[in-house]
Amino acid sequence: MSNISMQIARLAESLSTSIANFLADIVSIPSLSGDEKRVVERIGHEMKAVGFDEVRVDGLGSVIGRIGSGKKIIAMDAHIDTVDVGTRELWDFDPFDGHVKGGKVWGRGAADQKGGIASLVYAGKIIKELGLEDDYTLLVTGTVMEEDCDGLCWDYLIREENVRPDLCLITEPTGLRIYRGHRGRMEMKVNVKGLSSHGSAPERGDNAIYKMAPLVLDIEKLNAELQPDTENFLGKGTVVVSDISSVSPSLCAVADGCSIHLDRRLTAGETKDIAVGQILNIVGRAGGKVSIPVYDKPGYTGKSHPMESYFPTWVTPKDHPAVRAAVSSYEGLFNSKPVVDKWTFSTNGVTVMGVHGIPCVGFGPGFEEQAHAPNEWTPVEHLWKAAAFYAQYPKSYLSL
């Protein structure tokens with residue numbers, strides 16, 4: 001371990017209580033997608049308190065802290081919205097009572113993914129206190145609405161505010177592993193039409209639910225037939241029917257319309273056109289139509305940024321400087337070799353790299369398995385180690 005890495009690690013560990021308490025504080029502020037204003041204000045206050053050079057809020061509502069003004073622009077991203085709590089009885093405590101107990105921070109969002117922003121803010125403090133600024137600009141982004149629409153926040157930043165970093169480090173939970181990609185995803189809606197008639201004489205109608213039923217079974221068969229990517233890094237794609245609904249004049253009538261919602265996970269090499277074509281091959285025989293929903297709900301600022309619900313697959317090559325810098329940072333700080341892998345779920349990388357081609361790499365506190373789960377938690381040890389990693393990373397990247 002170099003002298004500077006030792007200083008970073010020691011300072012980060014000494015800040016572990018502050019990071020954990022800050023995380024518990026922001027976990028205690030509910031921030032469902034589209035309702036993040038209060039947590040944005042709290043994070044912005046902490047950024048200013050630890051010494052960020054500039055703190056602002058973009059038009060969609062994400063908080064952005066800047067350190068430095070060098071040539072290389074390095075973004076480090078954490079989404080700050082959360083899913084809801086689900087069935088309250090499954091929780092052993094108030095989900096929004098963020099607290100530290102037994103070496104863990106507990107509460108909704110502790111892992112997914114407010115732990116990332118807590119570590120990032122204190123990485124900024126480490127950079128400022130140790131004078132680690134260099135010829136780079138660090139943008140720490142606490143982004144909104146990710147749970148509702150992955151990458152929407154970054155599509156807005158890139159297209160509308162012309163924020164285009166050289167790379168983006170995503171801090172979704174990785175269990176302190178280095179991740180370099182994940183499957184993409186898309187949503188599809190399938191509609192079939194029928195003909196209504198009185199329920200006492202169904203033979204006079206054409207039941208759309210019955211027309212849809214065999215199509216659902218064939219989509220289940222398609223899922224079993226999907227193949228992994230050629231390198232078998234991401235594994236196979238999947239498709240699942242996640243919702244079904246029907247329309248009829250009354251509950252005493254034959255349904256004249258039926259629709260299903262599909263969640264399609266895309267491995268490397270699978271595209272929107274391929275996925276839609278596969279479904280059309282199944283539903284076309286019943287006159288089914290396939291569409292891709294557009295997300296256009298406004299954020300808490302009142303602004304909306306309509307975006308098609310297609311989120312491309314991305315993989316950063318293992319020899320890319322963004323990945324090599326992550327490995328170098330880990331080895332320098334922790335004197336061991338990291339695990340390099342991929343997420344099972346989706347992140348803002350679908351837009352940053354999948355749509356806009358900006359290289360991404362991942363490293364985050366907490367475990368992916370805690371995402372959306374009751375009694376959510378993140379280890380305090382992960383928080384300070386992640387903060388050390390984020391403080392080290394820009395120097396490692398510049399050296400390559």
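Mentor: Two strands are said to pair when DSSP finds at least two bridges between them, and strands (E, at least two residues) and helices (H or I, at least four residues) are DSSP runs numbered from the N terminus. The model is predicted, so local features need pLDDT of at least 70 and side-chain atom pairs count only at pLDDT 80 or more, while totals for chains, interfaces and linings use all residues. Residues are numbered from 1 along each chain as its sequence is written, and side-chain values use heavy atoms, with hydrogens and water left out.

Trainee: Which residue in S20 is the bridge partner of valine 105?

Mentor: Strand S5 (residues 104–106) pairs with S20 in the antiparallel sense, over three bridges. Within S20, valine 105 has as its bridge partner threonine 378.

Trainee: Which strands stand at the edges of this sheet?

Mentor: The sheet is open and has three strands in the order S4-S5-S20, paired antiparallel. Each edge strand has a single partner strand, so one side of each is left without a neighbour in the sheet; these are strand S4 (99–101) and strand S20 (377–379).

Trainee: What angle does the direction of H10 make with that of S20?

Mentor: Axes are lines fitted to C-alpha atoms, for helices over the stretch in contact, and angles run from 0 to 180 degrees between N-to-C directions. Neighbouring strands of the sheet are turned by 30° against each other on average, direction ignored. H10 packs on the sheet and touches S4, S5 and S20 (contact: heavy atoms within 4.5 Å). The direction of H10 makes with that of S20 an angle of about 60°.

Trainee: Which residues are linked with Asp25 in a network of salt bridges?

Mentor: A salt bridge is a side-chain nitrogen of Lys or Arg within 4 Å of a carboxyl oxygen of Asp or Glu. Aspartate 25, in helix H2 (residues 16–27), is 17 residues from arginine 42, in helix H3 (residues 37–50); the closest N and O atoms of the two are 2.7 Å apart. Aspartate 25 counts as partly exposed at 31% relative accessibility. Linked with Asp25 in the network are Arg42 and Glu46.

Trainee: How many residues apart are glutamate 308 and lysine 272?

Mentor: Their closest N and O atoms are 3.0 Å apart, in a salt bridge. Glutamate 308 is partly exposed at 32% relative accessibility, and lysine 272 is partly exposed with a relative accessible area of 24%. Since glutamate 308 lies in strand S15 (residues 307–308) and lysine 272 in helix H7, the pair ties together parts whose separation in sequence, in residues, is 36.

Trainee: Is arginine 285 buried or exposed?

Mentor: Arginine 285 lies in the loop between helix H7 (272–283) and strand S13 (289–291), and forms a salt bridge with aspartate 218, the closest N and O atoms being 2.2 Å apart. With a relative accessible area of 55%, arginine 285 is exposed.

Key:
Buried < 20%, exposed > 50% of the residue type's maximum accessible area, 1.4 Å probe, protein only.
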